[in-house]
Amino acid sequence: MSNVLYDELAIQMYPSGLLHHFGVNGKVSGSIGAIGEMQGVIPIIHGPAGCAFHYRYSARRRHEPFYNVMTSALEQPEIICGGEEKLKEEIRKIWKRYAPGLILIVPSPVSDILNEDLLEVARSLREQEGIPVAAVKSELFSHRDKNYTRNRMKELANQKITGDNRLSTDLKGCGFTEVLTALVEQVMEPCEKEPLSINIETVGWGSEGVRALPEIEQFLNRAGVRVNTWIPSAPLGDLVHAPKAALNVAKRVRWARKMKERFGTDFIHLSGARYEGLDGICTFYQDIGDALGIGETMAMLVEAEKERVLAATASMRAELGTYRCMLLDRGISMAPFHLKKYREDYGFPIQSICLFVTEDARVQGGITEELLTKFLKRVEEARDTWAPGAEILLNPSEEELAGRMKKADLILGTNDFRYEGKGAPLLPEKLELLSLSFESYVRSVERVARHAAGAQEKTHLLLNQMPITQESFPFLENGKNECARELWNQMWLNKKRDEP
């Protein structure tokens with residue numbers, strides 16, 4: 001199972017999140033990342049040899065290359081005249097040499113431009129030559145749908161802070177999801193349903209995932225629920241029989257919807273703020289119980305476990321309640337839920353809320369004045385609920401920010417090192433690392449309490465001597481970066497700034 005945050009720390013490079021938000025991305029990296037989780041599957045990238053070599057060093061697992069990535073090694077004649085026959089020949093070689101359980105064809109930008117029919121290539125090799133091969137179908141040419149962030153912002157702006165808070169927005173063009181969809185459509189087989197069994201999508205759980213997923217399984221076992229398949233981190237045979245499960249727990253919704261269409265498997269989509277914090281953990285298990293028809297049994301187990309972890313963390317939360325805190329959020333859409341998290345889950349009292357919505361963020365998110373007003377209203381409602389009397393500042397000046405920081409004991413909600421040494425110690429958000437197991441919640445409170453007790457201002461960081469831009473953190477402020485960001489906004493988002 002992937003340990004995404006550890007992977008990023010292990011090589012000390014820009015995290016993969018920046019590649020999604022500050023670069024022109026292909027989808028091959030996500031597809032190779034998904035296939036790399038499987039056992040007994042060999043990927044073949046239909047494109048030039050250099051493309052395959054590059055993607056051995058996937059953004060999803062850069063410290064440990066995917067050495068078994070193959071390629072159809074397209075050259076100029078195939079790129080001009082078509083490369084389907086070359087692809088078939090390379091697949092035959094892979095099958096003869098390695099005899100894997102499955103060969104999975106991954107499209108590249110080149111094959112997308114050529115409009116190669118990879119599904120037909122896979123079908124003909126399966127039916128005519130008996131080679132176990134499937135093909136990934138591109139939903140969009142590039143990663144990702146440029147309207148996704150804007151649509152997500154609109155949906156968030158219209159949600160109530162105490163409502164369901166699940167997101168229905170589809171993310172098209174994700175290579176990872178495209179691979180899972182290919183498994184559903186071409187690999188999985190109909191099975192008789194096992195009533196109290198589930199499949200869990202395994203990637204995207206953060207650095208707590210390796211510990212939290214087994215803990216989730218153990219808790220579900222107490223309710224009589226069995227994990228049928230870890231998707232895609234399972235042997236190929238288990239993936240084939242994934243439709244045996246009565247329920248899917250999905251991080252990415254499109255493959256789960258496709259599986260429901262084909263096999264009737266219901267799903268829970270882990271999106272939005274519904275599953276945030278300790279209440280979200282309880283809701284997560286309760287939703288599973290309700291979906292499987294054991295709601296009452298699950299409710300008793302959840303309530304008992306909630307009481308246990310609250311008792312285990314009571315003294316730590318009481319100590320955290322003695323600090324004067326500022327919430328600093330580089331954004332506005334999720335600020336209400338961050339406020340609830342710090343107050344309800346950790347016990348921090350919040351005195352002031354500083355929000356930064358840069359022009360760059362507004363362009364990427366399509367945040368109009370109307371949406372900004374809605375988001376501010378949500379923050380005010382959250383403040384009145386969880387931090388009565390707290391001051392709200394939108395894009396405060398350096399002087400305003402410094403004045404509020406001097407009145408605080410701790411700064412919460414950000415990993416932005418530029419705010420170190422400005423008047424109060426920074427408690428990085430990355431310390432929380434909360435996942436959907438009760439044990440993960442206890443570990444998170446322990447970790448935060450331990451660091452809060454020893455928090456000190458870091459006034460001499462070398463990083464603070466670097467000209468980091470506020471507009472496009474964490475890039476350096478210079479003309480080349482500013483030009484690159486403007487080019488990215490206009491070309492990749494297909495959106496020009498309004499002329500003055």
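Mentor: Start with Met316, which is buried, with a relative accessible area of 18%. Buried means under 20% relative accessible area, exposed means over 50%, and partly exposed lies in between (1.4 Å probe, protein chains only). This is a predicted model, where local features need pLDDT of at least 70, side-chain atom pairs count only at pLDDT 80 or more, and totals for chains, interfaces and linings use all residues. Residues are numbered from 1 along each chain as its sequence is written, and side-chain values use heavy atoms, with hydrogens and water left out.

Met316 sits in helix α15 (residues 295-320). Helices (H or I, at least four residues) and strands (E, at least two) are DSSP runs, numbered from the N terminus. Leaving out residues up to four places away in sequence, Met316 touches Val445, Glu446 and Ala449. Contact here means heavy atoms within 4.5 Å. The C-alpha atoms of Met316 and Arg450 are 8.9 Å apart, although 134 residues separate the two along the chain.

Now look at Arg443. Its side chain meets that of Glu208 in a salt bridge (2.7 Å, N to O). Arg443 lies in helix α20 (residues 438-453), while Glu208 is in the loop between β5 and α11 (209-222); they are 235 residues apart, so the pair links distant parts of the chain. A salt bridge is a side-chain nitrogen of Lys or Arg within 4 Å of a carboxyl oxygen of Asp or Glu. Both Glu208 and Arg443 are buried.

Glu201 and Arg252 make another salt bridge (2.3 Å, N to O). Here too, distant parts of the chain are linked: Glu201 is in strand β5 (residues 194-201), and Arg252 is in the loop between β7 (245-250) and α13 (253-263), 51 residues apart. Glu201 and Arg252 are both buried.

Lys258 and Glu261 form a salt bridge with their closest N and O atoms 3.6 Å apart. They are three residues apart in helix α13, so about one helical turn separates them. Lys258 is partly exposed, at 28% relative accessible area. Glu261 is exposed, at 61%. Elsewhere, salt bridges that share partners join Glu208, Glu215, Arg443 and Arg447 into one network. Over the whole structure, a search finds 25 salt bridges.

Last, Thr414. It is in the loop between β12 (410-412) and α20. Neighbours within four places in sequence aside, Thr414 contacts Leu328, Leu426, Leu427, Pro428 and Glu429.
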